[in-house]
Amino acid sequence: MKSFFKQTENIMTVKILGLGFIALMFIIIINSCKHEPPMVPDTGNPGGVNGLPGATGRVCSADTVYFANEILPLITSTCSMAGCHDAISHKEGVTLTNYNNIVKHVIPGNAGSSSLYKEIIKTNNDRMPPPPMPAWTTEQKAKLQKWINQGAKNNSCDGCDTTDFKYSTAIKTLMANKCQGCHNPSSLGGGVDLSTYAGVKASALTGKLYGSIIWSAGISPMPQGGLKMPDCEIKQVKKWIDAGTPNN
């Protein structure tokens with residue numbers, strides 16, 4: 001009888017240990033599935049970027065979306081302007097002025113579950129930026145999605161083609177990604193509309209477009225609150241202006 005109780009005790013011990021092991025593995029698996037934002041130490045650069053585009057020494061890869069080159073300018077232009085998600089306004093408690101603040105709203109590797117992406121892709125009046133501000137284009141949404149799915153890294157690179165300074169392939173894209181958020185028919189910052197060729201040309205002819213992107217004294221530096229355009233992109237704009245601002 002004593003032996004029977006001893007065996008029963010051993011069996012119960014094994015079961016308890018087994019259950020404990022299963023519980024431990026469950027906790028480990030759950031924790032391993034959590035994607036904590038990749039917070040980084042303050043880099044000292046505007047926007048907390050890890051390297052200023054044009055001065056990183058790293059060549060851009062066509063297969064990669066870069067935070068400093070593409071994502072931060074978009075968010076600066078369309079989300080973190082005054083009255084919205086800048087450091088002073090921080091509407092709804094959300095600030096989107098630098099890398100560490102932005103990655104609080106993404107799940108690296110999972111754009112579909114990231115609140116930032118979900119707000120951007122909404123198609124009703126709850127979308128961000130809210131109407132009447134222009135919605136992000138399909139291409140811009142795809143960039144954000146890809147950046148998040150690639151790990152939402154604080155990456156940057158050097159690279160643009162200064163031989164391409166056509167309006168349709170270079171200037172229009174620069175304006176869309178870095179300027180239109182504050183300069184569109186619904187938000188005419190400084191009375192300037194950079195959402196159309198006519199508007200961009202008009203600003204170029206006054207000298208303000210070029211003066212603003214080279215941060216010339218006496219002209220408001222643009223993009224406002226964002227990174228200065230890399231020299232490569234400034235050269236593209238300069239070449240286009242020098243060529244007579246063609247609609248090519």
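The structure is a predicted model, in which local features need pLDDT of at least 70 and side-chain atom pairs count only at pLDDT 80 or more, while totals for chains, interfaces and linings use all residues. Residues are numbered from 1 along each chain as its sequence is written, and side-chain values use heavy atoms, with hydrogens and water left out. Taking a disulfide as a pair of cysteine sulfur atoms within 2.5 Å, the model holds two disulfides. When the bonded cysteines of the chain are numbered in sequence order, they pair as 1-2, 3-4.

**The disulfide of Cys60 and Cys157**

- Cys60 is joined to Cys157 with an S to S distance of 1.8 Å, and this link is right-handed, with 85° about the S-S bond.
- Cys60 is partly exposed at 27% relative accessibility, whereas Cys157 is buried with a relative accessible area of 1%, where buried means under 20% relative accessible area, exposed over 50% and partly exposed in between, for a 1.4 Å probe and protein chains only.

**The disulfide of Cys160 and Cys232**

- Cys160 and Cys232 are joined by a disulfide with an S to S distance of 1.7 Å, and the torsion about their S-S bond is about -120°, so this disulfide is left-handed.
- Cys160 lies in the loop between α5 and α6 while Cys232 lies in helix α9 (residues 231-242), so the pair ties together parts that are 72 residues apart in sequence.
- Cys160 counts as partly exposed at 28% relative accessibility, and Cys232 counts as buried at 19%.

**Cysteines too far from another sulfur for a bond**

- For Cys79, the closest cysteine sulfur is that of Cys84 at 8.1 Å, which is too far for a bond; Cys79 is buried, with a relative accessible area of 6%.
- For Cys182, the closest cysteine sulfur belongs to Cys179 and is 8.8 Å away, again too far for a bond; Cys182 counts as partly exposed at 21% relative accessibility.

**The packing of α2 against α5**

- The axes of α2 and α5 come within 11 Å and cross at roughly 125°, where axes are lines fitted to C-alpha atoms, for helices over the stretch in contact, and angles run from 0 to 180 degrees between N-to-C directions.
- That angle makes α2 oblique to α5, given that angles under 35 degrees count as roughly parallel, over 145 as roughly antiparallel, 65 to 115 as roughly perpendicular and the rest as oblique.
- On the side of α2 the contact is made by Phe67, Glu70, Ile71 and Leu74, and on the side of α5 by Gln140, Lys143, Leu144 and Trp147, with contact meaning heavy atoms within 4.5 Å.
- The residues of this contact divide into five nonpolar, one polar and two charged, where Ala, Val, Leu, Ile, Met, Phe, Trp, Tyr, Cys and Pro count as nonpolar, Asp, Glu, Lys and Arg as charged, and the others, Gly among them, as polar.

**Ser77 in α2**

- Ser77 lies in helix α2 and is buried, with a relative accessible area of 4%.
- Leaving aside its neighbours within four places in sequence, Ser77 is in contact with Asn177, Lys178, Cys179, Gln180, Gly181 and Cys182.

Terms used
Helices (H or I, at least four residues) and strands (E, at least two) are DSSP runs, numbered from the N terminus.
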